[in-house]
Each structure stands twice: as structure tokens, then as C-alpha cells.
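Here are a few friendly notes to read alongside the model. Please keep the structure open as you go.

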Amino acid sequence: MNLVFLGPAGSGKGTQAKKLEAEYGVAQISTGDLLREAVRNGTELGRQADPLMKQGKLVPDDLVIGIIEERFRQGGLEKGILLDGFPRTVPQAEALDAMLERNGIDLDKVISLEVPDELLYERITGRRSCPKCGTVYHLSAAPPKQPGVCDLDGTALIQRSDDTPEKLANRLEVFKTEIPKVKQHYASKGLLSVVDGVGSPDAIFSSIRRALGA
């Protein structure tokens, strides 16, 4: 099973991707995670992407495409892939089409998670993450057992620099400019399914499974 998840920050892509990864064994490929790893490791890509991410701006297509191509070269995709946060522009979608063709991979479905802006702000501004293991919490919806501390390794939790209302506003503006064209790209191929991203994670997951025909 090979899937793409579309949706703005806070739509629940990461949460649902983990559920699909556990159930179907697909490899989750998160553009955000890959970029943040590049920043932590101080790679050339990370140095170029870091200031843009901090400002809530879109990382240039060539950099994002390059990091996805590198992930494809690493392999481990035999059970399927789930692209989380990519593509975000039509050039990225076209590059992905070519990438999949080169690797003999057919895309099965593109899921667009739809969530109202006000709920996105609530989800994002309450989000905290562990800088060591990457586990994500939410101050009200999924708090850690001990305030401010990761349940798994005891590391102090942080609010990512792009999880502020101002940065989210920038990201949403870019998202709303580009993503309708990406959705049309996949709708024209008969691959797009829209899923309501409001509700409990389990209810949303059930909706995704129905969209997949499971």
C-alpha cells in the first residue's frame, strides 16, 4: 500500500500515519521529520532549511525533493510507503510521480485530512515534543504523565519554534495557496479522498480505513 497524506500542520497526519504504519507495515516518510533531522545534524540541507522553517516559510522544492529522493535510496520500502507532508506543491507532486515511476511504485490513494483553522490553532499551540526521541504530546489532549517531561526518557519537553500562532498563520497561508492545486493534480488521477479530520483519533482512523476500502 502506497499513500500520500495531505493536510496542514495540526491536521493529525503524523498521528494517523503512525496508526497506518502499525497496522499495515508501511514506511512513514515525514518531510518535517527528515528536515528537522537534517537541521539537528547540521547538514548542508539542514543549514539551508533551518531559517525558512523557523519563519514558517516553504522550503524550496529542490531541497525537499532531494531529501525525499535520498530517503528512497535508503530502501526499506517493500511493504509500502506513506508520505506525510509531501508533496506540498505541484512541482513536488510531479517530481514524486517521476520518482515513483523510476522505483516501480504505484500510488494507491491520496488522503486529504480536512480540519477547521480554529481547531488547528488549538492543536498546534498546545503541542509539545521531546527533542531526544521525537514523541509528541499535547497540553490538554495528550499530556505527559509528569508536566513538561517526556514519559519515555525524562527529557524536558519543548515547543517547536514553528508551533506558535504567528508561524502557523504563515504556514496556513502558504498551504492554502499551494495545496488546492496539489489536490486537483491527484483528483484528476482519481486518487484523492477527503477525510474529516475532526473527532477522536480512532474515529478518524476508521474513516481513513473506509477511504482505503479496508
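**Notes on the predicted model**

1. Let's begin with Gly199, which sits in the loop between strand E7 (192-196) and helix H8 (201-211). Helices (H or I, at least four residues) and strands (E, at least two) are DSSP runs, numbered from the N terminus. Gly199 is partly exposed at 44% relative accessibility; buried means under 20% relative accessible area, exposed over 50%, and partly exposed in between (1.4 Å probe, protein chains only).

2. A word on the basis: this is a predicted model, where local features need pLDDT of at least 70, side-chain atom pairs count only at pLDDT 80 or more, and totals for chains, interfaces and linings use all residues. Residues are numbered from 1 along each chain as its sequence is written, and side-chain values use heavy atoms, with hydrogens and water left out.

3. An unreviewed UniProt entry lists a "binding site" that includes Thr15, Arg127 and Gly199; such annotations may be inferred rather than shown by experiment. Thr15 belongs to helix H1 (residues 13-24) and is partly exposed, with a relative accessible area of 44%.

4. The unreviewed UniProt entry also gives residues 127-162 as "domain: Adenylate kinase active site lid". The end C-alpha atoms of this span lie 11 Å apart, and the span is 0% helix and 17% strand.

5. Do have a look at helix H4 (residues 61-74) too. Its buried residues include Leu63, Ile67 and Phe72. Among the partners that the buried residues of H4 pack against are strand E2 (27-30) and helix H5 (90-102), contact being heavy atoms within 4.5 Å. After H4 comes Gly75, with a positive phi near 80°.
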